Amino acid sequence: MQAWAWVLAAGLLTALPAAGEGEVEGAPAEPPPASIQEAPETKPTAPLHQLASLLTRGQWEVERPVGGPRPFPVGKRAQCANDPEAHLLGSSDLRLSCDDATQRCQVASSQQLDANGKPTGERLARLGGCDSVDVVRLHARGYRFEEGIADAEPGWVRDARGRAMQVEFDMHRRVLLGAGFAPRLDGFTPDGVAEVGLRSDWATTHTASEVELFRLRLLEARYTPLRGRLLGTAMQLEFDRRRSEPVLWITTFVGTPRRFDVGLDLGWWLQLAHADLELRRGLTAGRLLVAGFDPTLDLLRSQDLDSYLRIRSGVGFDVDVGTKRPQGEVHAALEGEWVIDGAGFHRLYGNAIGTLSRDFVATSAGPRTLRRLEGRAGYELILLAINDQPISALFDLGADWREDLPGRTPGWEFTGQAGLRFSFWAPARRTPDR
Amino acid sequence: MAPLAPLLLALRLVAAFGGPSPTGACLAEDPVTQARIRTCFDPLDRLRLSAGATIQPGGPGFALAAELRLRNDRASRGDPSRLWLREQTWLSTTWRPGAAQRLELLTWRGRFIRHVEEGYLLVPTTEPLRLPFPFDVGIEASGPELRGTFAPGHLERLRVGSLGLLLDVARNRDGRVRLAFGPMATATRLDGGPLGAAAWWLVPLTGAQLAARFERDDGRAHVELRGELSRQLSAGLPSAWGGAAQARAEWTPLAVRDLPVSLFGQVQVERDPGRLLTWGSTVGLALGIGG
């Protein structure tokens, strides 16, 4: 280009507005970077714009980083540009992530690429919100461009071809099928285990600090065939709540009045049709909890209520399956579930439950009171995902002591479990790791 | 007029269920009258009423059946190329009158396949590793299913429910071609039979299911196969094999008021644990309402 043209171009371009356009796609925008905010609101006239584009043609360059394109920074709102003249990457529809301090932009096509790196014409899926920018003006202001991998919705990442993959999973929302090895550990008797069930939860956010959460478990069953133990639950519903105001607070008037909040994180737990059966040769024993209701008190919990350690205690109405006698029960439990990492790949859970059940109708020997103690603790780890459906490994230890089973001397029994679970659905977490 | 009232009401109902208006390639023109003719149907999205002659070990007979089938799909909100293919069967009822009368009722069965353009297996390493995976993944679940007679106490079989995983190798975007298989779990109560007392039989993912279908683009012919084979366990009884398979072929040679009338042939084979293998075949006519 001739020197006079450079001078003219520089003069024109300094008169043009800078990057920010103020147009917004998708979710509400974060405040744009300082230099973008400083940009004048007026839009360039079309001839000037075209002239700038014309004068800078041939100067466009997209660098390829050493080691290949890198993903856009996680958590930073992306920018998008419609450049009809396709100055960058030969694409008119672009995603960018610009750093105003270094005046560098990562840029990616909004189209998916084929195995040869050519655009397929298919727009990228799972794109997040973006702020509109003008690449011509960015270029005129001296921004440099390098190839990047476009942004994706929270919980998803993109490969170099732009294909989205889910990398965070909400294991509280899934249909699960599981199978594994579940031996009795006292004496080591091998056994298998099969599990099915549906879990879901839904949260209602009233204010930023006030959240209500319902957790649902539906048609869950766990069966160990050789031992003949069947645990099944038709429905379990729980309610938990994070309040913006504490349930009660205490004010002291000794000296300067002071307020002490007492955070009673109360909720409730409801179970309908829970069967705990031992199906043995010629004998079916165990109990069917027709309905049980407990208030719960969280001892520890995460901000999003996904993880908790709590105590609960309440009453239930049972039927002794062997004798068909109706019973009432009181029970108390310490239980918890903890998602260790933000992506939901590691989950710890455990419970310890004590139950006293008593016949409503006395037998000739008088009413029976039967005791039962049981506990489980386990760890679940996502190994891989097939078409965004996770497969996880489960390691679990259990113990129980019960005197409600005929033919079984009260004593401790220990079981272990190592198995795999296939989880269907399992969307990205509501509050993923970012 | 009064005796015709139920018929008129039925015709109005039929007209109301006439299904969506056909468009484009699904419309033809009669060469003589130039009337517009509907030429496409959806055999999996209709109320299906059928009657047919049966052949079974007890001798010939006939069967009446009704079922509501619903098929739709929904694109994933964040990725329109990913589809949830949903097929449901509601209140599938078959009645075989006569001396050996029998009623079969399936309350609900749903099949939910997640179709992706490029199946993959993600290994969550620091840089997630994406490997090709040649299946669509889905689940099939069913609600209570019973078989018995109208007489009290004559419930031969009650399957409380089932849940299974499906891997679909056909990966067809509109679900017209399917070849899917996978493990399944069921819980069934069987009464009577050579075993005498009633017994619960469980399939703790020790069963496999197969679902195959081929459907012409215009929906006027399709072949469907469904089968399962399982090792079933029961308290106090030795484990046993059980299984069932049903194949159906249907062809639509004509339509009345744009409602498809089909010829169908169906064969089913079934064996419950500890029982003899039973089989039956049916040939008949089916009317589709909607779809």
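## Strands, turns and a cavity in a predicted model

Arg171(B) sits in a loop of chain B, between β11 (155–168) and β12 (177–190). Strands here are DSSP runs of E with at least two residues, helices are runs of H or I with at least four, and both are numbered from the N terminus. Arg171(B) is not a glycine, yet its phi is positive, about 50 degrees. Most residues other than glycine have a negative phi. Arg171(B) counts as partly exposed because its relative accessibility is 21%. Buried means under 20% relative accessible area, exposed means over 50%, and partly exposed lies in between (1.4 Å probe, protein chains only).

This is a predicted model, in which local features need pLDDT of at least 70, side-chain atom pairs count only at pLDDT 80 or more, and totals for chains, interfaces and linings use all residues. Residues are numbered from 1 along each chain as its sequence is written, chains are lettered from A and ligands numbered from 1 in the order in which they are written, and side-chain values use heavy atoms, without hydrogens and water.

**Chain B overall.** Chain B has 1 helix and 17 strands. Of its 291 residues, 45% are buried. A contact means heavy atoms within 4.5 Å. Take the chain B contacts between residues at least 6 apart in sequence: 54% of them join residues at least 24 apart.

**Strand pairing.** Two strands pair if DSSP finds at least two bridges between them. In chain B, β6(B) pairs with β5(B), with β9(B) and with β10(B). In chain A, β17(A) pairs with β18(A). Each pair in the table is antiparallel.

| Strand pair | Bridges | One partner pair |
|---|---|---|
| β5(B) (83–96) and β6(B) (102–115) | 13 | Thr94(B) and Glu104(B) |
| β6(B) and β9(B) (136–142) | 6 | Gly110(B) and Ala141(B) |
| β6(B) and β10(B) (145–148) | 4 | Leu103(B) and Gly148(B) |

β5(B) and β6(B) have 5 residues between them, and Gly98(B) in the turn has a positive phi of about 110 degrees. β17(A) and β18(A) also have 5 residues between them; here Gly255(A) in the turn has a positive phi of about 75 degrees.

Ala426(A) is in the segment after β26 (412–425). Its phi is positive, near 40 degrees, in a residue other than glycine. Ala426(A) counts as buried because its relative accessibility is 0%. Arg123(A) lies in strand β8 (residues 119–123). At 41% relative accessibility, Arg123(A) is partly exposed. Its C-alpha atom is 9.3 Å from that of Gly162(A), 39 residues apart along the chain.

**Cavities.** The whole structure holds 5 cavities of 30 Å³ or more. A cavity is a set of points on a 1 Å grid over the protein atoms alone where a 1.4 Å probe fits but cannot get out; lining residues have an atom within 4 Å of a point. Points are joined across faces, edges and corners, and volume is the space filled by probe spheres set on them. The largest cavity has a volume of about 1,100 Å³. Its lining has 49 residues, with Arg217(A), Glu220(A), Gln236(A), Asn351(A) and Arg376(A) nearest the centre. The lining divides into 11 nonpolar, 15 polar and 23 charged residues. Asp, Glu, Lys and Arg count as charged; Ala, Val, Leu, Ile, Met, Phe, Trp, Tyr, Cys and Pro as nonpolar; the others, Gly among them, as polar.

How values were computed
On a 1 Å grid over the protein atoms alone, a cavity is a set of points where a 1.4 Å probe fits but cannot get out, and a pocket is an open set with protein on both sides within 12 Å along at least five of seven lines; lining residues have an atom within 4 Å of a point.
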